[in-house]
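The sequence and structure come first.

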Amino acid sequence: MTNLNVVVCAGIVPDPLQTLDPVQTGEKPGLRNEMMLPHVLDPWAGHALYEAAELVKETGGKLYVVSIGPKAKLQQVMMTIAQKVPFQLIAADAAAGGFSDSKQIAVQLAELVKQIDGLDLSNTLLFGGWESASRGAGTTLQMVGEILGVTDQFQGVDKISLNDDGSFKVLERIEGGKHLHSSCSGAPAVLGWATGYLPEPPNNPQIGMTNMRTIMPALQQAKPADLENPELTFTAVELPKQKRDTKIVKDISADEIAQEIIDWIKSK
Amino acid sequence: MYTLATLPGDDIRSIMWRFADRFELQMLVQSVRAVARGPVARAVAEGARNSHEWTTKKSQLLKAFDESGITAVFMDPEYGGFIEGPKNFALALTAYELSWVDAGAATGSLAGNLALEPIHERGTEEQKRTYMGGAVPPQQGEDRIQYRGAFGLTEPLPYVGVETGMLGGKVRVADWSADKEPVLQVEKRGRFITNMDFANFVCVAVESDDDRIKGSCMIILEETDPGTFDRGAPTLKLVHQLSSTRDPVFNMKVPASRIIGGYTVKDGVILPNFSHAEIIDPVFKHTRVTVGLMTAAKLVSAVEPVIRYQRGRFRGGSLEPESPRYKLGIQQKEDALHRTAAVWAAGEAASSLGFAAARLFDELDPMEKEKEKYFREQGINKGRAEFKALMKIQQDAVNHLENDDDAPIGDPMIQYVITDSLANVLCPATKLWNTGEGATVMREAVSLMGGYGITEDCPGFLGQKWMDSQLEATYEGPEAVQRRQLSITMTNKVFLTQFGNWIQRLENLSLTHSDMGIKSLVSGMKIWLETLDYLQTHRDENNTKLYSSSRQGVTFAMADALCWLLSSYYQMEDVLQLLQKGPENAAVAPNLEGYVAFFKDLCFIQASRAAHQVAQICSELYYGSASTLPESGDILTPLLQELNANIAGVHLAKDRAAEALTMVMIPEALDYPQ
Ligand SMILES: Cc1cc2nc3c(=O)[nH]c(=O)nc-3n(C[C@H](O)[C@H](O)[C@H](O)COP(=O)(O)OP(=O)(O)OC[C@H]3O[C@@H](n4cnc5c(N)ncnc54)[C@H](O)[C@@H]3O)c2cc1C
């Protein structure tokens, strides 16, 4: 199938290596010093983005990234992400964080998707993370799909295989480390990604320079999005009561990681 | 009391170091950081530094540099690079990010650029296309061998180091048939040549040993040229082991077209267009600043591991988790905090000085080209004629600076002379102070980590960084060479007039910013200026001029003193920039006050230190250069008294900074392995 487009809904979150300390910030809970923390692309959305980039390479369609977050932080994250794969950014400026109402975010995301110039939804897949590192509720993407009238939805996706006639197969995660195999007759559809199988692409400054030509104006034009929901209240916020023991290793293989976990379990 | 929310991140740094509006540089920083804190850090953590040999693990870093764009940073887009315009600042940021983890990795990547520098500065168009284009990593589908270079100047003892008039390496005519390009025989032994394990071309400095070749030059040797290309023995380095260093031996035949910058033939003699000195000068001008930033990065990188160590020091015992001893650990102790603040302050000053110098060279590079063009158009030749013309412009520049410092400079030649005079000071100052004082401060950082500091697995590799800084003080010209250069360039009237203008500007600023030690810096600057004037106009008891090239005890000490002032000055400039531009960044604005207040306190700490170093050096020279007190009336004592009055409150600044260090939020863990 040619020219199939992908729109990836991708938020940003504080770098998980940072101290994430919930505090009351005005009316709402927030993280201590959240705006000063370095941010990263939400890891789940990241998987969606890299899978999407591979897919559009195959189809020759366009790749869009739709993001709502604090402009200054979005720009900072783009300095890395823009070097990974070619895409066009559509952004709105709003306080991010795990305490915004997911429905409000979904409404605004859907609005941004609708505004993409010349986008034909019937020839488009809507990607995102099946949940996010800040909220973990797994609700946003489903609502975006519903608002846009895209009701073929798949969550916890690890793989998509496209057929020549535009139909595709999807592997979705289910319990017990197994996958549910589904077939879909074609776009439009919503795919909420788990990890997929692709590694993070290395930085490529040439891609970055090309992307930035459209990303910077997109950021400058980003309009404020209203995420307030007066009906939403928080009664309590706390970190999960588990011991956090962080160890930093980079680039080690999945086998080595698995072995370490096995050794740890055996030692308990 | 203010709050320092977190350690300063990219938002703040890009404002202070002036690249908030240059996204290509922000992207570069992210790319280099990923390599530094990924493969480089892993290599160090896995012990790759523990061998002198060039190993597979080390060579994999070259691939990481290629893939992430680090290798191509140096190149202009026309040769396959991706950054337009001068690259000094871009390379400075690259070196900073790599050295944040390991400066040997930085050296490995930068030595390739060092090899290309002679070609970049003086090479013929063809040489540029061949070697700069060839050094860009092949793109997908491109089938060619990538050029990787080495820079061969230093020779085995007892021959030459980096500042040299004579060379042991020789060039002769091997074959020169009529109407054909001469073939040259090049003999060169190198010592401590970086990249020598894998370089497939080397730019060597040689002197003529043949009546048919005039003077000295630099020549490009390729691995495949006929003759001996012996990579030699590896250097048994105690430092920077992720870079490759060997003592190679070359004896090869190459076409004369490999003379860097080309040549002409006159009366049967080959006249190289550039002597080796004419090539090396601009090369080192561009590469030494970067080395200074390597040490600066180490100092600032030490802050986070030190704070984490201090806080966690006693958490293993049976302490109550809510007790101050549990929460703060060694941070309960004033001395540990004050010293941490001092390390940080020195790191800020070194970074600010180095980045200011790098940015200045970005401004200077196009001006230099303009100057060349202008002089050639005017029929003014290199050498004496150019020197004379420049002297005249220098006077105009001084007049301009004396009359109206702020007025726009209409004449590009005057602008060039002003910028050049400053660059000629900032380059050796960065190299000298950042590395020399940096090594001393790095030792302090190591000791703050106790026994851990001196082990291989100290978080942040602080022990290795301490040792590494000593190399940075040595290669590309040891400290003596930098002091010598400074002792000349800092007495240029054009520079001194700018320096005088800074004093005025700072005095004005101190009225509105009374809380960052500006007045103590101004005192130091006045002490230095008065002392210099005294030394330049007085003689010792043997009737020798006090300030002269043979009296390094005087000139070198004054060079050291100046560096303290410059680094403190640029540190303040960067904080004032943050104060001015911070509100424009939505992420920074809400917490700006705390950051600015903290950085101002660091400025004060550093300014007071700097001014007192200057006071000590100058007092010794002023009062100590004769067996009796100066006859001219004691001009220094009032200034020294003024300085003491101007540091009122510096200890309070230390206390505030110390308290901020106890509360600043740091990440859960260091973002690179140990
Ligand atoms: C790891 C490493 C990598 C290197 N890479 C390269 C490379 O790639 N290419 C290359 O060409 N070179 C390279 N070098 C060489 C390096 O540039 C020189 O070692 C350095 O410039 C110092 O020269 P030197 O060792 O001859 O010391 P010397 O010049 O002998 O200096 C030793 C001391 O003598 C005194 N001294 C020297 N000159 C003066 C003076 N004018 N006035 C007063 N005192 C003085 C000072 O006390 C000085 O510290 C490298 C060196 C090392 C260690």
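## The second largest cavity

In this predicted model, the lining of the second largest cavity is made up of nine nonpolar, seven polar and one charged residues. The volume of this cavity is about 170 Å³. It is lined by 17 residues, and those closest to its centre are Thr71(B), Ser109(B), Gly112(B), Arg148(B) and Asn195(B).

Two or more lining residues come from each of α3 and α5 (103-122) of chain B. The element that gives the most is α5(B), with five residues.

## The largest cavity

The structure has three cavities of 30 Å³ or more, and the largest holds about 420 Å³ of space. Among its 31 lining residues, Gly11(A), Ile105(A), Ser132(A), Arg135(A) and Thr140(A) are the closest to the centre.

β6(A) contributes four residues to this lining, the most of the elements. By class, the lining of the largest cavity has 16 nonpolar, twelve polar and three charged residues.

## Where the chains meet

Chain B brings 39 residues to the contact and chain A brings 28 residues. About 2900 Å² is buried between the two chains, with 60% of this area from carbon and sulfur atoms. Met27(B), Met665(B) and Glu668(B) account for 23% of the area that chain B buries against chain A, more than any other three residues.

One salt bridge crosses the interface. It joins Lys73(A) to Asp11(B), with the closest N and O atoms 2.8 Å apart. On the side of chain B that touches chain A, α2(B) gives the largest share, twelve residues.

Conventions. Residues are numbered from 1 along each chain as its sequence is written. Chains are lettered from A and ligands numbered from 1 in the order in which they are written. This is a predicted model: local features need pLDDT of at least 70, side-chain atom pairs count only at pLDDT 80 or more; totals for chains, interfaces and linings use all residues. Side-chain values use heavy atoms; hydrogens and water are left out. Contact means heavy atoms within 4.5 Å. Buried area is the accessible area (1.4 Å probe) that two parts lose on being put together, summed over both. A salt bridge is a side-chain nitrogen of Lys or Arg within 4 Å of a carboxyl oxygen of Asp or Glu. On a 1 Å grid over the protein atoms alone, a cavity is a set of points where a 1.4 Å probe fits but cannot get out, and a pocket is an open set with protein on both sides within 12 Å along at least five of seven lines; lining residues have an atom within 4 Å of a point. Grid points are joined across faces, edges and corners, and a volume is the space filled by probe spheres set on the points. Ala, Val, Leu, Ile, Met, Phe, Trp, Tyr, Cys and Pro count as nonpolar, Asp, Glu, Lys and Arg as charged, and the others, Gly among them, as polar.
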